[in-house]
Amino acid sequence: MALKFRISEEKALEALLWIANEWKNITPFYLSKVLFFAEKDHLNKYGRPIIADTYIAMSYGPVPSTVRDYVEGNYLFSDYADAIAASIEVNRTTRYTEIQARRAPRMNVFSDSDIDCLRAAIEKCKHIVFKTLSEWTHLEKAWLNAPANGPMDYEDFIDQDNPHRKEIIEQAREFAQFGVL
(Lines give C-alpha, C1' and ligand atoms only; values in the text may rest on other atoms or scores of the structure.)
Protein backbone atom coordinates (compact mmCIF):
# COMPACT_ATOMS: atom_id res chain seq x y z
CA MET A 1 0.00 0.00 0.00
CA ALA A 2 1.37 3.40 -1.00
CA LEU A 3 2.54 5.76 1.72
CA LYS A 4 0.45 8.94 1.52
CA PHE A 5 0.04 11.93 3.80
CA ARG A 6 -2.62 14.59 4.21
CA ILE A 7 -1.40 17.91 2.88
CA SER A 8 -1.31 20.94 5.10
CA GLU A 9 -2.61 23.59 2.71
CA GLU A 10 -1.72 26.33 5.16
CA LYS A 11 1.88 25.11 5.41
CA ALA A 12 2.05 24.57 1.64
CA LEU A 13 1.15 28.21 1.05
CA GLU A 14 3.67 29.40 3.63
CA ALA A 15 6.39 27.17 2.13
CA LEU A 16 5.64 28.56 -1.32
CA LEU A 17 5.94 32.07 0.13
CA TRP A 18 9.16 31.25 1.98
CA ILE A 19 10.73 29.89 -1.20
CA ALA A 20 9.48 32.81 -3.32
CA ASN A 21 10.95 35.27 -0.82
CA GLU A 22 14.29 33.45 -0.84
CA TRP A 23 14.40 32.97 -4.63
CA LYS A 24 12.95 36.00 -6.37
CA ASN A 25 10.95 35.26 -9.54
CA ILE A 26 11.25 31.50 -9.16
CA THR A 27 9.62 29.50 -11.94
CA PRO A 28 7.08 26.71 -11.31
CA PHE A 29 9.65 24.14 -12.50
CA TYR A 30 12.24 25.18 -9.92
CA LEU A 31 9.63 25.59 -7.20
CA SER A 32 8.51 22.01 -7.80
CA LYS A 33 12.05 20.64 -7.61
CA VAL A 34 12.91 22.63 -4.45
CA LEU A 35 9.81 21.27 -2.72
CA PHE A 36 10.50 17.71 -3.89
CA PHE A 37 14.11 17.68 -2.69
CA ALA A 38 13.19 19.37 0.60
CA GLU A 39 10.40 16.85 1.23
CA LYS A 40 12.68 13.93 0.41
CA ASP A 41 15.50 15.24 2.60
CA HIS A 42 13.15 15.91 5.53
CA LEU A 43 11.48 12.51 5.25
CA ASN A 44 14.87 10.75 5.19
CA LYS A 45 16.11 12.66 8.23
CA TYR A 46 12.99 13.14 10.36
CA GLY A 47 10.36 10.64 9.21
CA ARG A 48 7.84 13.20 8.01
CA PRO A 49 7.43 15.50 5.00
CA ILE A 50 7.24 19.28 5.25
CA ILE A 51 3.95 20.01 3.45
CA ALA A 52 2.86 16.48 2.43
CA ASP A 53 1.63 17.40 -1.05
CA THR A 54 0.89 14.63 -3.55
CA TYR A 55 3.79 14.56 -6.01
CA ILE A 56 3.00 13.63 -9.60
CA ALA A 57 5.60 12.00 -11.87
CA MET A 58 5.41 14.41 -14.80
CA SER A 59 7.65 14.49 -17.86
CA TYR A 60 10.11 17.03 -16.39
CA GLY A 61 10.13 15.44 -12.95
CA PRO A 62 8.11 15.52 -9.72
CA VAL A 63 5.41 18.17 -9.35
CA PRO A 64 3.53 18.90 -6.10
CA SER A 65 -0.08 18.83 -7.29
CA THR A 66 -1.70 21.21 -4.80
CA VAL A 67 1.07 23.80 -5.02
CA ARG A 68 0.83 23.51 -8.81
CA ASP A 69 -2.87 24.30 -8.51
CA TYR A 70 -2.04 27.38 -6.44
CA VAL A 71 0.35 28.64 -9.10
CA GLU A 72 -2.08 27.88 -11.92
CA GLY A 73 -4.96 29.61 -10.14
CA ASN A 74 -6.96 26.40 -9.60
CA TYR A 75 -7.66 26.86 -5.91
CA LEU A 76 -11.24 28.15 -5.72
CA PHE A 77 -12.37 25.14 -3.66
CA SER A 78 -9.50 25.46 -1.20
CA ASP A 79 -10.21 26.69 2.32
CA TYR A 80 -7.30 29.06 1.69
CA ALA A 81 -8.50 30.52 -1.64
CA ASP A 82 -8.58 34.12 -0.41
CA ALA A 83 -5.21 33.78 1.31
CA ILE A 84 -3.63 32.26 -1.80
CA ALA A 85 -4.99 34.98 -4.08
CA ALA A 86 -3.74 37.70 -1.72
CA SER A 87 -0.33 36.10 -1.11
CA ILE A 88 1.16 35.21 -4.48
CA GLU A 89 1.49 36.85 -7.84
CA VAL A 90 2.10 34.77 -10.94
CA ASN A 91 3.64 36.63 -13.85
CA ARG A 92 2.94 34.91 -17.16
CA THR A 93 4.15 37.82 -19.34
CA THR A 94 7.82 36.79 -19.15
CA ARG A 95 9.48 34.04 -21.17
CA TYR A 96 9.00 31.66 -18.26
CA THR A 97 6.22 32.01 -15.71
CA GLU A 98 7.53 33.63 -12.53
CA ILE A 99 6.16 33.50 -9.01
CA GLN A 100 6.43 36.40 -6.60
CA ALA A 101 5.42 36.55 -2.96
CA ARG A 102 3.19 39.44 -1.93
CA ARG A 103 4.03 38.97 1.73
CA ALA A 104 6.48 37.30 4.05
CA PRO A 105 5.67 33.78 5.21
CA ARG A 106 4.29 33.10 8.66
CA MET A 107 7.32 31.42 10.19
CA ASN A 108 5.45 29.90 13.13
CA VAL A 109 4.21 27.06 10.90
CA PHE A 110 7.76 25.77 10.33
CA SER A 111 10.15 23.76 12.43
CA ASP A 112 13.85 24.58 12.27
CA SER A 113 14.36 21.34 10.35
CA ASP A 114 11.72 22.38 7.78
CA ILE A 115 13.66 25.58 7.06
CA ASP A 116 17.01 23.77 7.00
CA CYS A 117 15.73 21.32 4.36
CA LEU A 118 14.03 24.04 2.29
CA ARG A 119 17.22 26.12 2.37
CA ALA A 120 19.36 23.12 1.37
CA ALA A 121 17.01 22.30 -1.50
CA ILE A 122 17.26 25.86 -2.84
CA GLU A 123 21.04 25.63 -2.72
CA LYS A 124 20.90 22.27 -4.50
CA CYS A 125 18.65 23.55 -7.30
CA LYS A 126 19.44 27.23 -7.72
CA HIS A 127 22.45 27.00 -10.02
CA ILE A 128 21.49 23.86 -11.93
CA VAL A 129 20.19 24.21 -15.47
CA PHE A 130 16.68 22.96 -16.28
CA LYS A 131 17.78 19.90 -18.29
CA THR A 132 20.23 18.66 -15.66
CA LEU A 133 17.80 19.14 -12.80
CA SER A 134 15.07 17.33 -14.71
CA GLU A 135 17.49 14.47 -15.45
CA TRP A 136 18.44 14.24 -11.76
CA THR A 137 14.82 13.82 -10.77
CA HIS A 138 14.38 11.12 -13.41
CA LEU A 139 16.93 9.05 -11.50
CA GLU A 140 14.85 9.17 -8.33
CA LYS A 141 13.21 5.88 -7.33
CA ALA A 142 9.93 7.64 -6.52
CA TRP A 143 9.74 9.10 -10.03
CA LEU A 144 10.88 5.87 -11.72
CA ASN A 145 8.33 3.71 -9.89
CA ALA A 146 5.34 6.00 -10.43
CA PRO A 147 3.06 5.74 -13.45
CA ALA A 148 3.47 8.56 -15.99
CA ASN A 149 1.48 11.54 -14.73
CA GLY A 150 0.55 9.52 -11.67
CA PRO A 151 1.16 9.90 -7.95
CA MET A 152 4.53 9.09 -6.45
CA ASP A 153 4.78 6.85 -3.37
CA TYR A 154 6.37 8.60 -0.37
CA GLU A 155 7.95 5.29 0.68
CA ASP A 156 10.08 5.56 -2.47
CA PHE A 157 11.34 8.97 -1.27
CA ILE A 158 13.24 7.17 1.50
CA ASP A 159 16.69 6.22 0.26
CA GLN A 160 17.44 2.50 -0.03
CA ASP A 161 20.82 3.04 1.64
CA ASN A 162 19.38 4.99 4.58
CA PRO A 163 20.46 2.93 7.61
CA HIS A 164 17.21 3.86 9.36
CA ARG A 165 14.94 3.15 6.38
CA LYS A 166 12.78 0.55 8.13
CA GLU A 167 12.24 2.72 11.22
CA ILE A 168 11.53 5.79 9.09
CA ILE A 169 8.91 3.90 7.08
CA GLU A 170 7.22 2.71 10.28
CA GLN A 171 7.32 6.20 11.78
CA ALA A 172 6.09 7.76 8.52
CA ARG A 173 3.18 5.30 8.25
CA GLU A 174 2.13 6.13 11.80
CA PHE A 175 2.46 9.83 11.12
CA ALA A 176 0.50 9.49 7.86
CA GLN A 177 -2.33 7.85 9.76
CA PHE A 178 -2.51 10.24 12.71
CA GLY A 179 -0.24 13.20 12.07
CA VAL A 180 -0.95 16.77 11.27
CA LEU A 181 1.89 18.86 9.92
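Helices (H or I, at least four residues) and strands (E, at least two) are DSSP runs, numbered from the N terminus. This is a predicted model, in which local features need pLDDT of at least 70, side-chain atom pairs count only at pLDDT 80 or more, and totals for chains, interfaces and linings use all residues. Residues are numbered from 1 along each chain as its sequence is written, and side-chain values use heavy atoms, with hydrogens and water left out.

Q: In which loop does alanine 52 lie, and is this residue buried or exposed?
A: Alanine 52 lies in the loop between α2 and β1 (55-58), where its phi is positive, about 65 degrees, although the residue is not a glycine. Buried means under 20% relative accessible area, exposed over 50% and partly exposed in between, with a 1.4 Å probe and protein chains only. Since its relative accessible area is 2%, alanine 52 is buried.

Q: Which residues of α2 meet α1?
A: Contact means heavy atoms within 4.5 Å. From α1, Ala15, Leu16 and Ile19 take part, and they meet Leu31, Val34 and Leu35 in α2.

Q: What relative accessibility does asparagine 25 have?
A: Asparagine 25 lies in the loop between α1 (9-22) and α2, and its phi is positive, near 60 degrees, in a residue other than glycine. It counts as partly exposed because its relative accessibility is 35%.
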